[in-house]
Amino acid sequence: MRTLARTLRHIRLSLQHKKCNYSGGFVNTRKHLIETNTGSVCKFTNNAEFNRFRYLTFTISRAMRAEAAKVTNRDVNGAGPLVEYERRIAAGDLVDGDRFQVDTLRELQRLYEELVASADACRLDRYSASEKAGRSRWLWSRFIPQSSYSPVKGLYLFGGVGTGKTMLMDLFFDQLPSSWRKKRIHFHDFMLNVHSRLQKHRGVADPLEAVADEISDDAILLCLDEFMVTDVADALILNRLFRQLFSNGVILVSTSNRAPDNLYEGGLQRDLFLPFIATLKERCVVHQIGSSIDYRKMTSAEQGFYFIGKDISGFLKKKFQQLIGEHTASPQEVEVVMGRTLQVPLGANGCAYFPFEELCDRPLGAADYFGLFKKFHTLALEGVPILGLHNRTAAYRFVTLVDVMYENKGRLLCTAEGSPQELFERIVTISDAQQSAPRTSSRSRKVDDFDLCVDNELGFAKDRTISRLTEMNSKEYLEQHADMFLAGK
């Protein structure tokens, strides 16, 4: 029934689309004839003459659209992320990057030019004639299943924290024509959207195929920022989901801190995840940004709203009150997803106040944090502790919270037991733990060693979190936040 309903929907949309094109072209041409023939109106004596005129009108209309497409292609020629990068450096909007960033921009420029040259074959333009033809063949593809892999491979960018991956991908995305079927989204948000769609399609024969079809109908070029797999539920569906997306012609551009072979390392049932890595490497060019420079730490790194010390909750509440001004803070409720809500202890004037335990020691996740920052632009977080083995789960949630906050350009006001670096000192990767000198006796071991958390995912994520916390408390970031807040008023 789902297939039949989708077939009827596509046929109806196709007929409506063609009807709109024919009648729209006829009305425009008829109006032109009325205006340019001194008020006289052309009358058709029979249906054959009308049909000949309508065919001529459609031919002219299609030719005009083709000419418009050529103009668009001429506009994008000689453009692209590398050109825009050089323009921004010349204008002083960007700091001149290192050779690793320039090498990455060359890869993005190459992909940009390939996409422009193959836009029709990739069905990127949502208004192109080739897409209409593709839709008219949709019914046959239901009876004769066939893959339509894109002739252009995607790009998987990985490298250390703060090396400019997100900035470079955004630079690439912003240069793409607005008429293209494209989407840029954070990986956390993307997977939340996938799970929400799966819930909607419960009961159908293959809900994952339905979700993949919906995503590819919306966007052929999919840009995912911060590709990071830590959840077993995500790991188990990624291979089938992306095989279907790639089969539908989707082109993936992604950034990550980890090489494809290191994704979901040490995760539960990783053997079921390994086919996805092979699929990813088959459909994407893998490029490493080898820079060791963390550009986030090149900001002014002023203290901002990050306060270190214990038992200073009164000080934090005083700062919170200064931010909300004359507004009165009160408990509030935030809608999350699928009918769930998040209780906010105190909120007013776009600012929310939480003790660390209520936001990171409870079973919350990315969906809750995204819901929070859809309503609030500033978070006051009280009492961030030193993270280690005893609060490993809370550390994971804190990393996710910072990721979501950074993605939404949120402002953080917090008290913590130590600097960002000190918060994560007890969290290490397996290789870091192996490189540590072994203790000769139990007496020589520090008390802190018993709280040492050896966790590859957290060990890799901590560098990103430290980098982001540093940037979020810089003068530049806070000024940018203030500008966005004022612009949104």
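**Close-up 1. Strand β6 beside strand β11 in the predicted model.** Strand β6 (residues 306–308) is joined to β11 by 3 bridges, and the two run parallel; strands pair if DSSP finds at least two bridges between them. Alanine 416 in β11 is the bridge partner of isoleucine 308. Strands are DSSP runs (E, at least two residues) and helices are DSSP runs (H or I, at least four), numbered from the N terminus. Residues are numbered from 1 along each chain as its sequence is written. In this predicted model, local features need pLDDT of at least 70 and side-chain atom pairs count only at pLDDT 80 or more, while totals for chains, interfaces and linings use all residues; side-chain values use heavy atoms, without hydrogens and water.

**Close-up 2. Strand β10 beside β11.** Strand β10 (residues 378–384) pairs with β11 in the parallel sense over 5 bridges. Valine 384 has alanine 416 in β11 as its bridge partner.

**Close-up 3. Burial of strand β11.** In β11 (residues 411–416), 6 of the 6 residues are buried, so the strand is largely enclosed by the rest of the structure; buried means under 20% relative accessible area (1.4 Å probe, protein chains only). Arg411, Leu413 and Thr415 point one way, and Leu412, Cys414 and Ala416 the other way.

**Close-up 4. Packing of helices α10 and α11.** Helix α10 (residues 207–218) packs on helix α11 (residues 232–247) at an angle of about 50°, with the axes 9 Å apart. Axes are lines fitted to C-alpha atoms over the stretch in contact, and angles run from 0 to 180 degrees between N-to-C directions.

Notes
Buried < 20%, exposed > 50% of the residue type's maximum accessible area, 1.4 Å probe, protein only.
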